[in-house]
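This report goes through selected local features of one protein structure, from helices to a sheet. The sequence and coordinates come first.

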Amino acid sequence: MSWGTELWDQFENLDKHTQWGIDFLERYAKFVKERLDIEQNYAKQLRNLVKKYCPKRAKDEEPRFTSCLSFNSVLNELNDYAGQREVVAEEMAHKVYGELMRYSQDLKAERKHHLQEGRKAQQHLDHCWKQMDNSKRKFERECREAEKSQITYDRLDNDINATKSEVEKAKAQFYLRNHMADESKNEYAAQLQNFNAEQWKHFNNAIPHIFKNLQDMDERRTVKLGETYRSFAEAERRVIPIISKCLEGMVSAAKAVDMRKDSIIVVESFKSGFEPPGDFPFEDFSQNLSRAGSDGTISNTPKGDREGAPGPRPDPKHPMSRTKNKLWLFGKKPKAPSLEDFSHLPPEQRRKRLQLRIDELSKELQKEMDQRDALNKMKDVYEKNPQMGDPSSLQPKISETICNMEKLRSEIHKNETWLSEVEGKQSSRGDRRHSADNHHHTPQGRESPEGSYTDDTSQEHHTPHKRPSPPQPGQPNPDPHEFDDEFDDDDPLPVIGHCKALYCFDGQNEGTLVMVEDEVLYIIEEDKGDGWTRARKQSGEEGYVPTSYVEITMEKNCKGAVTYI
């Protein structure tokens, strides 16, 4: 439906309507601007939040727990999500808000042009109407004057007292007025015909054309609004797949939280490798007391002790003597001094710290070597092209670099020596335990926590301690607990039980053993409290597996046989 034919007389209303349309478009542009401001502030706040909760420590010092790693992944995904909110704001700013503001300016200029044409056409029609109206008024006035002159002529012509000159004068005036009235009539007719023609052109050509342009402009404005509505939604929809991936990444991070792995990391981080303290031996201070033989009292003191032998003294090499200062289970652990070789740490922790230091020193050595090579190349260039620089100026830096390299090599060698000592002790740990078992083997018996054997399980904790036999001449006093420090037997460890894998284990760490679910392995060394059990596959491959991942069954004829589930 055309505005030119239906709304030919609604110029003022169309003027108001087109102005309202532009105002509405600018109002929507303002809405988009506020929306993108919200998106930008939201993205900024999200990034600040991520920055606030990101770990501030170095990467090597970050916790290795799956819960911490997953939280870091969540923060990274949230940071990417904030980036997508910024993309949404940028899309809205360029493709919606910016486009609306440019289009609004174009609409204003186009509307102004069309309205000016309409006003010009209206002014021209008004001018034609005024000319026609003036000629009409003139014609009317001339007709009245002609009528008056006719009345005057008729009165004088009929008056017998009027002179002939007066009659002739009145007659000439009458003819003049009639002539002027005829001219005014002709002019009025011409002006009327011209006005009617201009009016037809105005309402059938000019105004419809102008109103059609205004209609096209308004329809384009409506279409542009629809397009920007779609662009507004598309800006959000384009980032939905990436936002979905961010959310999927958060879900994956949540699924990656593994309580078993975290527990294993706790064990690996804090295990000391020491044995738990055993029971304190009974120290009999009454052996030096003299007792009367007639009092009927039967002394349980051995004869050798009654004959003035000194009372039993605690063996300095007894396990309780060694662990006497380690009773920090429910108390505060004494802080050991920090040593360069980390000898104050448990064996496993010491090995890890030494290996970490060797890796760091190797990286520094590689940097120094690269710097030396670069300086030598620069020196060669200076020697070939003296105008570029003095080769001797680089010699002090080269000498310093070589000195640093020698220091780093010395440090690496020293730490590798310490590491080889630790690894040598750990590799012979199981063999030393086997030697200790052979030294104290008692057939058909069980070992008590203090190292004694008894056939009756109910008597296990009440069996008196056997005094160690005196050392042979020229031989050191054997101590079963000192085999953790000295043993060089390379024989394979005996099988003391078997186990069945409850879960799969990938065995990525050095010294661990890969196993699949329901796989049966041989036990060659029990868990010493660090959460790891040494096992052997049927193929002969040996390594450590998590104790909580297997169901262990110890052989009945082996000491300390117990089943872990």
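Contact here means heavy atoms within 4.5 Å. The model is predicted.

**Helix α2 and Phe24**

With neighbours within four places in sequence left aside, Phe24 is in contact with Arg221, Leu225 and Tyr229. Phe24 belongs to helix α2, which covers residues 11-53. Phe24 has a relative accessible area of 29%. It therefore counts as partly exposed, given that buried means under 20% and exposed over 50%.

**Helix α3**

Helix α3 takes in residues 66-158.

Two residues of α3 can be described in more detail. Ser70 lies in this helix, and its side chain reaches the backbone oxygen of Thr66 at 2.8 Å. Not counting residues up to four places away in sequence, Ser70 touches Ala253, Ala256 and Val257. Because its relative accessibility is 6%, Ser70 counts as buried.

Arg85 is also placed in helix α3. Is this arginine, with a relative accessible area of 5%, buried or exposed? Arg85 is buried, since the cut-off for that class is under 20%. Its side chain makes a polar contact of 2.9 Å with the side chain of Glu39. Glu39 is also among the residues that Arg85 touches when those up to four places away in sequence are not counted; the others are Arg35, Tyr42, Ala43, Glu236 and Ile243.

| Residue | Relative accessible area | Class |
|---|---|---|
| Ser70 | 6% | buried |
| Arg85 | 5% | buried |
| Phe24 | 29% | partly exposed |
| Thr553 | 29% | partly exposed |

**The five-stranded sheet**

An open sheet of five strands has the order β6-β5-β4-β3-β7, and its pairing is antiparallel. Which strands stand at the edges? They are β6 (542-546) and β7 (550-554); each has a single partner strand, so one side of each is left without a neighbour in the sheet. From one strand to the next, the twist averages 40°.

In general, strands of a sheet pair through backbone hydrogen bonds, either parallel or antiparallel. Strand β5 (residues 532-536) is joined to β6 by five bridges, and the two run antiparallel. Trp532 stands opposite Pro546 in β6, and Arg536 has Glu542 of β6 as its bridge partner. The two strands form a hairpin with five residues between them. In that turn, Gly540 has a positive phi of about 100°.

Thr553 and Ile523 are 30 residues apart in sequence, with their C-alpha atoms 8.6 Å apart in space.

Terms used:
Residues numbered from 1 in each chain as written. Predicted model: local features only at pLDDT ≥ 70, side-chain atom pairs only at ≥ 80, totals over all residues. Heavy atoms only, no water. Helix = DSSP H or I, 4+ residues; strand = E, 2+ residues; numbered from the N terminus. Buried < 20%, exposed > 50% of the residue type's maximum accessible area, 1.4 Å probe, protein only. Polar contact = N/O pair within 3.5 Å; in protein donor to acceptor, adjacent residues only side chain to side chain. Pairing = 2+ DSSP bridges. Axes fitted to C-alpha atoms, helices over the stretch in contact; angles between N-to-C directions.
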